[in-house]
Amino acid sequence: MDIQLRCYDKIFQLIKKGVEISNPYTIDVGDEVSVDRISGKGVKIYPGCRIYGEHTVISGGCQLGHEGPITIDNCQLGPKVELKGGYFNKSVFLEKANMGLGAHVREGCILEEEANGAHCVGIKQTILFPFVTLGSLINFCDCLMAGGKSRKDHSEVGSSYIHFNFTPDGDKTTASLIGDVPRGVMLNQPAIFLGGQGGMVGPLRMGFGNVVAANSVLRNDYSEDNMLIVGKTYSGKTVNYKPRAYIGLHRIVGNNIMYIANLMALEEWYIHVRRPFLESQEFGQLIYAGLLDKLALAKKERIKRLQVLAEKSKTLPENEKEKKSDVTGRNEFHERFSEIEGLFARGIQDSAVERYRDDFLSVSDKMRSERGVDYIAVIQCFPNHVSKKGVLWLQKIVDTFCEQAKEVMPSLKIFGS
């Protein structure tokens, strides 16, 4: 049987399972795709869709290609996901996540429950917590964004927004943390609003509840909560440009360490809290494996980009204005980077973290067993004292990694050390 006949055979197997395919001969299903990983319960595939990848999973109720053709390649889709048109590669979409026409979702993305984007959204290595909404015509790669409590009270990125994640020196040590993991996973934090026709220059950190005025381009951290932020307008000028100056290297490195530490905390949350919820779903084990795989991709990407910067920092051009302490700091960053990499490779090894984790899980597991398998409903029913226990556990993970990094590179003075 040739490839085309095998493709038709798989398509008709899907139809026999109950998948709604109105025009079978316009669909392409890769030879490597497992029919057993595609649900027959309420799945609808519109004309012009292409499904590839041995790790692709499509759960019940998914709607694919309603607004235009789509390509799915090695993605894991939870229940009732809608991908309306575009390209989707090596990413995970949890229940009721959706993306509009013209989406370009590249590897390493996680869209949690009901996270969504309008038309022509480009993301890569991006993690959106539940309810986070991206408007139209957006480039939002290398971000983690949290905040909001429901589809009516959600963090929002306005249309025509850009996360500037590539520097003139060719660096991508630029991941931005918008909200954070320890508080964000509790689904009880105020929403963040990034006004349209704006942008942020990564790496940047922002607190919860912040509102950024439209047409603002942010270049600094705004770690405080509940602030109204109006970006500064710069006057035109022409000055001498010095490549690879790396002004504020300590902030760049610190924000990257903070980002990776948050990824480590999110991994622990997935392992100890999310897993049983996912196991109750169709294909839950496969989706859970997909989440851990995407977090591994995210950590690998951030370490790789930080390593490139460490290598460059050793060979920076002479700068008569640079302080001797700054030179010592960047050299230390270069020489001891392998130790930083080792910190994250080993994972968390701290008895206090384990105590905080067990204290939280002893209460949260009981509540989950009493209240069912609806992840959002269970998390949002946690009383304040329970949520605080969870935040304490996850924040201890973040703080431990950051403190250890400071000890490895004391001269660089990350986090104001």
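**A walk through a predicted chain**

The protein chain contains 9 helices and 31 strands.

Now look at the overall form. The chain has 417 residues, and a compact globule of that length would have a radius of gyration near 22 Å. The protein chain has 22 Å, so it agrees with the globule rule. Along its principal axes, the C-alpha trace spans about 70 × 55 × 40 Å.

Of the 417 residues, 52% count as buried. The chain exposes about 18200 Å². Carbon and sulfur atoms supply 50% of that area.

Go inside now. In soluble globular proteins, nonpolar side chains tend to be buried together. Here the largest nonpolar core has 122 residues. Four of its members touch the most other members: Phe-93, Phe-140, Leu-194 and Trp-269. Which helix gives the most to this core? Helix H3 does, spanning residues 249-279 and giving 17 residues.

Take Phe-93 as a close-up. Leave out residues up to four places away in sequence, and Phe-93 still touches a list of partners. Among them are Cys-75, Leu-77, Val-81, Leu-83, Phe-88, Met-99, Val-105 and Leu-111. Gln-76 and Gly-78 are also on the list.

Pro-203 sits in the loop between strand S27 (199-201) and strand S28 (205-206).

The next stop is Phe-283. This residue is not a glycine, yet its phi is positive, near 60°. Phe-283 lies in the loop between H3 and helix H4 (284-313). Is Phe-283 buried or exposed? Its relative accessibility is 18%, and buried means under 20%, so Phe-283 counts as buried.

The last stop is Lys-413. Lys-413 is not a glycine either, and its phi is positive at about 60°. Look for Lys-413 in the segment after helix H9 (384-408). Its relative accessible area is 43%. That value falls between the 20% and 50% limits, so Lys-413 is partly exposed.

Definitions and conventions. Residues are numbered from 1 along each chain as its sequence is written. This is a predicted model: local features need pLDDT of at least 70, side-chain atom pairs count only at pLDDT 80 or more; totals for chains, interfaces and linings use all residues. Side-chain values use heavy atoms; hydrogens and water are left out. A nonpolar core is a set of buried Ala, Val, Leu, Ile, Met, Phe, Trp, Tyr and Cys residues joined through side-chain atoms within 4.5 Å. Buried means under 20% relative accessible area, exposed over 50%, partly exposed in between (1.4 Å probe, protein chains only). Helices (H or I, at least four residues) and strands (E, at least two) are DSSP runs, numbered from the N terminus. Contact means heavy atoms within 4.5 Å. The radius of gyration is taken over C-alpha atoms; the globule rule is 2.2 Å times the number of residues to the power 0.38. Accessible areas come from the Shrake-Rupley method with a 1.4 Å probe; for residues, only the protein chains shown count as cover.
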